[in-house]
Amino acid sequence: NEAGVDAFDVDKGCYENWFWPHLPSYFDDAVYVEEIAGRLKQFFVSEGINVPVVAVGKLGKPEVASYVLNKNWADFIMLGRPLLADPYWPNKVKTGDVKDIIHCIGDNEGCIESFKKGGHPCCSVNPYMGFEDVKEIKNAEIKKRVCIVGAGPAGCEAALTAHKRSHNVTLFEKSSVIGGQLYLGSKMEMKHDLKRYLDNINHKIERANEQGLTLVFNKEATLGDIKDQFDVIICCNGLKENIPHINGLDKIDHIGARQFISNGMKVPPNKKNILIVGGGNVGCELAYIVAKNKSYNVTIVSKNKNLMPNTTMANRNQMLWLLMGKGSTTGNKKDSLDQAVKAYTASKIIGFSENQVYIFSNKDRKDPYIPWMSLIPENVNNPFEKKLNPEKVEHLNFDVDYVIFATTGVPDDGLYQELKNAQAAREIYQVGDAKEIGLVWGAVSSANEIARNI
Ligand SMILES: Cc1cc2nc3c(=O)[nH]c(=O)nc-3n(C[C@H](O)[C@H](O)[C@H](O)COP(=O)(O)O)c2cc1C
Ligand code: SF4
């Protein structure tokens, strides 16, 4: 007080470790609150200093926020991203409508990455954030029969928005659950934020269902099912797994990443050397999860120059830190991997034998765990970038007895093409991964855009 400070807002991190101040989904909730705010609060109490301490950082689950206060780690809590995801968070907590809260998924895609790249700040799970003045949801002038195929994030956003506008909505989902790729992601413990986000979508879909939205689970909608039945069809049927044809693949036990996650991420018995093909988000996340079991040697092979090249800086750098064995999702060093996951970037698989993989690897590939990457997009020439000479390759081979393909999926656009060819409805749209493999922000905001305008 003497120094003129009314309250202390304390968090952790700096530019070199952006994942501390902008905690990605991978971290546990309130991961450093006890260590930072709690320690300061304890010090103030012991010294008789009567200035409030503010805790911040992954406190978006109301029960976590109240735990922090009950523990007396802080006098009040601050919310950053949870309020971008849902500005009505405080009101919903006050009225007890906690299930109604749209939960921040910690991808840092809309709030941080978009404006770092010079775009408009936005939020992956809240298409209205940053566009409150231009995006309006109006009752439909003409009530239409709207069919949505696929209940992933795009399909659910389209269905809920169209339903809110009083259209007559039918949502088809080929599985028995909503969420699509996000449902799979939410099965990873370290993506607990996705699970909470999906809980909210489930809650909203259930409520819409009670109010007249038709929900058809376990049904893969076909042309025959929906042709001439609807005024509008929106295809949100996602992607297909993509396992490339590689010499000798039939000789080795292998699985697609999505199937592996569906099966509970269990490596079959008597396997030791695990190869992950693909160094994007899914590949790196699975490599970390599998490597946590110390009996496995895990190696990633990626054709790209960098691991997770399309992931936001904070999230990517945290994952590299995890894979290097330097840190953990709990924030405790003791929970880190014992040794770094091996990774070959700028490398291509050329074949398999019973227990070996053969790769071409660029000799100039860089250390995969150097976090710095150029901010210049791939399609813009960067005169300072060291180019890899495609001729400068070496042949390598190493032991492998189980292969997980975390290669990028391909859009499942067959139904859309069929519907268009058959002129199955007056308006036919395609959105999300079914159109182009992308991120939650693209899927949700484009689905919202279509559903607000039909
Ligand atoms: C868009 C955005 C901008 C931020 N800018 C700052 C900043 O200028 N200074 C700062 O200390 N923290 C900044 N932060 C970090 C937040 O204050 C907060 O510590 C962080 O988002 C973690 O809290 P949360 O989990 O509630 O979002 C920013 C966060 C976001 C999402
Ligand atoms: S963009 Fe992602 S991290 Fe940022 S507030 Fe929205 S959901 Fe949270």
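Asp 199 is partly exposed, with 35% relative accessible area; by this scale buried means under 20%, exposed means over 50%, and partly exposed lies in between (1.4 Å probe, protein chains only). Welcome to this predicted model, in which local features need pLDDT of at least 70, side-chain atom pairs count only at pLDDT 80 or more, and totals for chains, interfaces and linings use all residues. Residues are numbered from 1 along each chain as its sequence is written, chains are lettered from A and ligands numbered from 1 in the order in which they are written, and side-chain values use heavy atoms, leaving out hydrogens and water.

**Salt bridges**

- The structure holds 20 salt bridges, each being a side-chain nitrogen of Lys or Arg within 4 Å of a carboxyl oxygen of Asp or Glu.
- Asp 199 pairs with Lys 195 in one of these, at 3.4 Å from N to O.
- Asp 199 and Lys 195 are about one helical turn apart, because they sit four residues from each other in helix α8; helices here are DSSP runs (H or I, at least four residues), as are strands (E, at least two), numbered from the N terminus.
- An α-helix has 3.6 residues a turn, so residues three or four places apart point the same way.
- Lys 195 is partly exposed too, at 45% relative accessibility.
- Lys 92 and Asp 86 also join their side chains in a salt bridge, 2.7 Å from N to O, and both residues are buried.

**Where domain 1 meets domain 2**

- Three domains divide the chain: domain 1 (8–116), domain 2 (145–240 + 410–453) and domain 3 (249–405), with bounds that come from an automatic or database domain assignment.
- The contact involves 17 residues of domain 1 and 13 residues of domain 2, where contact means heavy atoms within 4.5 Å.
- Tyr 26, His 103 and Ile 105 supply 35% of the area that domain 1 buries against domain 2, more than any other three residues.
- Three salt bridges are counted between domain 1 and domain 2.
- Arg 196 bridges to Glu 63, with their closest N and O atoms 2.3 Å apart.
- Arg 196 is partly exposed at 23% relative accessible area, and Glu 63 is partly exposed at 41%.

**Helix α5**

- Is helix α5 (residues 109–116) enclosed or open? Six of its eight residues are buried, so the helix is largely enclosed by the rest of the structure.
- The buried residues are Glu 109, Gly 110, Cys 111, Ile 112, Glu 113 and Ser 114.
- Their cover includes α3 (81–85) and α12 (313–323).
- Just after α5, Gly 118 takes a positive phi of about 95°.

- Val 98 lies in the loop between α4 (89–95) and α5, and is partly exposed at 32%.
- Asn 362 belongs to strand β14 (residues 356–362) and counts as buried at 4% relative accessibility.
- Gln 423 is in the loop between α13 (414–421) and β18 (427–430), and is exposed with a relative accessible area of 64%.

Technical notes:
Buried area = accessible area lost by both parts, 1.4 Å probe.
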